[in-house]
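Colleague: I am new to this structure. Could you show me how to read it, one feature at a time?

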Amino acid sequence: MPNHAHPDWNLTINYQEVLERVGGDASFLEELLKMYIDDYNEKSRLIKDAIHRQDFVAVQKLGHSLKGSSANLSLASLQKASLALELAGRDENLVQAQKALACLETEFAKLKDYLQQNPPRPEED
Amino acid sequence: MKILIAEDDLINSRILEKNLKNWGYEVVIARSGEAAWECLQDETLRLAILDWMMPGMDGTEICKKIRRKKNYRYTYIILLSAKDRKQDIIAGLSSGADDYMTKPVNFLELRARLQTGRRIIDLEDKLLFVQRQLKDLASRDSLTRLWNRVEIVRFLGEELERSHREKKPVGVIMLDIDYFKKINDFYGHDLGDEALLQIISRIAKKVRKSDKIGRYGGDEILIVLPNCNVLEVRKIAERLRTSVARRGIKAGTELLPVTISAGCASSDSLSPPSAEKLIRSADAALLQAKNQGRNCTVVHDLAVETFGEVKNA
């Protein structure tokens with residue numbers, strides 16, 4: 001089982017940081033992560049659609065929005081991939097947008113796997 | 001204390017809400033710029049956390065709109081943004097925000113910054129309270145606590161304008177205490193003042209809530225009566241006169257048989273009405289009442305410049 005404090009996993013989710021942000025309330029964090037997963041599924045569909053239509057304004061906005069919620073939950077890898085998507089949208093770069101989406105999907109799968117094995121639990125002293 | 005969170009990101013909004021509730025705030029949530037603007041019409045909302053990027057109106061537009069609003073109680077605004085370049089911070093603060101924080105928010109820092117906001121709001125409340133007190137002091141007569149001459153005349157002017165628009169009359173009563181000088185000379189000014197206060201207290205109980213009483217001069221009292229024609233003014237003046245004359249006024253250990261005289265006028269027969277004309281007419285009617293033996297009410301008919309009298313009962 002991966003260690004919560006392991007630096008690599010901290011890039012997927014930094015539990016210590018995010019728990020601090022939610023006052024150590026693990027069940028509230030669980031609720032937020034569920035919200036994030038639902039939101040991600042919806043946005044990922046919209047991103048694919050926007051890339052398909054080459055609607056770069058939408059790509060940029062969706063990237064920006066995902067970047068914000070990822071940052072709030074200390075999901076550093078997803079935040080980084082969202083930023084790449086936002087920038088690809090801004091630069092109207094289709095190839096970069098597709099790359100960023102692929103990266104997002106990989107990181108999202110990683111997060112889900114990790115959460116399944118390591119659900120949030122109260123901070124340890 | 002109430003606080004607004006204007007944030008379209010559901011997760012950030014939930015985290016903010018939870019923390020703010022834990023710190024004892026009453027949280028109001030808006031998910032768009034327009035909804036935030038709607039919420040901010042509630043003047044009890046004095047603290048706001050606005051996200052810069054929102055659908056519709058963004059955070060900086062709301063800041064500008066709030067600061068443009070006149071006669072508005074101060075709202076302390078913290079602008080949130082992922083934008084962390086110097087020029088973004090400058091642009092955010094220049095739009096009228098009091099503070100700027102980059103996302104993700106550090107909550108210990110937010111809590112401290114909100115304390116600053118509360119201090120500013122408390123300070124404003126204290127200043128407004130003192131301002132109201134000073135305004136009140138400047139508008140009232142120090143002895144009787146009635147409106148002073150400037151204030152009652154100003155009120156009459158306002159009422160005349162309003163009544164002109166609404167096509168309704170405004171009445172005035174000018175009254176004074178009969179032989180008040182003699183009371184002062186005989187019993188002394190302290191007792192005279194006490195008698196004056198007792199008489200005012202009786203009069204104040206007999207006028208309507210919408211009427212305003214002012215001290216026009218020494219013992220001259222001016223009463224402004226909105227929506228009153230000359231007959232109604234006379235009726236009220238008579239009520240005041242009899243309430244004073246009915247029984248003696250207690251001042252110190254004395255029971256003084258005091259009476260008052262009243263002069264009445266109303267704007268319903270005056271075109272165009274003016275505060276000065278109305279006061280002059282009521283004053284002329286008061287003089288007439290004095291000449292007719294005091295303790296009576298005289299009505300001045302503005303249209304025909306004649307006097308109608310109600311004799312002492």
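**Where the chains meet**

Modeller: Start with the contact between the chains, in what is a predicted model. Chain A brings 16 residues to the contact and chain B brings 14 residues.

Colleague: Which elements of chain A give two or more residues to the side that touches chain B?

Modeller: Those elements are α3 and α4 of chain A. The most comes from α4(A), with seven residues.

Colleague: How do the residues on that side of chain A divide?

Modeller: Seven are nonpolar, six are polar and three are charged.

**The helices of chain A**

Colleague: Among contacts between residues at least 6 apart in sequence, what share joins residues at least 24 apart?

Modeller: In chain A that share is 58%.

Colleague: Now a helix pair. At what angle do the axes of α3 and α4 of chain A cross?

Modeller: Look at two things, the distance and the angle. Helix α3(A) spans residues 26-53, and helix α4(A) spans residues 56-72. Their axes come within 9 Å and cross at roughly 160 degrees. An angle over 145 counts as roughly antiparallel. So α3(A) and α4(A) are roughly antiparallel to each other. The crossing of α3(A) past α4(A) is left-handed.

Colleague: Which residues of α3(A) and α4(A) meet?

Modeller: From α3(A) come Tyr36(A), Asp39(A), Lys43(A), Leu46(A), Ile47(A), Ala50(A) and Ile51(A). They meet Ala58(A), Val59(A), Leu62(A), Ser65(A), Leu66(A) and Ser69(A) of α4(A). The residues of this contact divide into nine nonpolar, two polar and two charged.

**Nonpolar cores**

Colleague: How many residues are in the largest nonpolar core?

Modeller: That core has 58 residues. Those with the most contacts inside it are Leu85(A), Leu4(B), Ala48(B), Ile49(B), Leu50(B) and Leu79(B). The largest share of this core comes from α3(A), with eight residues.

Colleague: Take Ile49(B). What is it in contact with, leaving aside neighbours within four places in sequence?

Modeller: Ile49(B) contacts Ile3(B), Leu4(B), Ile5(B), Leu16(B), Ile78(B) and Leu80(B).

**Backbone exceptions**

Colleague: What should I look for in the backbone angles?

Modeller: Begin with the general rule. Most residues other than glycine have a negative phi, and most peptide bonds are trans. Now look for exceptions. Gln54(A) has a positive phi, near 55 degrees. Gln54(A) sits in the loop between α3 and α4 of chain A.

Colleague: Why does Gln54(A) count as exposed?

Modeller: Count the C-beta neighbours. Gln54(A) counts as exposed because it has 11 of them inside 10 Å, and 12 or fewer is the cut-off.

Colleague: And in chain B?

Modeller: Arg145(B) has a positive phi too, near 65 degrees. Arg145(B) is in the loop between α5 and α6 (149-166) of chain B. With 13 C-beta neighbours inside 10 Å, Arg145(B) counts as partly exposed.

Colleague: Which two residues does a cis peptide bond join?

Modeller: The cis bond joins Lys103(B) and Pro104(B), with omega about -5 degrees. Pro104(B) is in the loop between β5 (99-102) and α5 (107-139) of chain B.

Notes: Residues are numbered from 1 along each chain as its sequence is written. Chains are lettered from A and ligands numbered from 1 in the order in which they are written. This is a predicted model: local features need pLDDT of at least 70, side-chain atom pairs count only at pLDDT 80 or more; totals for chains, interfaces and linings use all residues. Two residues are in contact if their C-beta atoms, placed from the backbone, lie within 7 Å. Axes are lines fitted to C-alpha atoms, for helices over the stretch in contact, and angles run from 0 to 180 degrees between N-to-C directions. Helices (H or I, at least four residues) and strands (E, at least two) are DSSP runs, numbered from the N terminus. Angles under 35 degrees count as roughly parallel, over 145 as roughly antiparallel, 65 to 115 as roughly perpendicular and the rest as oblique. A crossing is left-handed if the near helix is turned anticlockwise from the far one by less than a right angle, and right-handed if clockwise. Ala, Val, Leu, Ile, Met, Phe, Trp, Tyr, Cys and Pro count as nonpolar, Asp, Glu, Lys and Arg as charged, and the others, Gly among them, as polar. A nonpolar core is a set of buried Ala, Val, Leu, Ile, Met, Phe, Trp, Tyr and Cys residues joined through C-beta atoms within 7 Å. A residue is buried if 20 or more other C-beta atoms lie within 10 Å of its own, exposed if 12 or fewer, and partly exposed in between; C-beta atoms are placed from the backbone.
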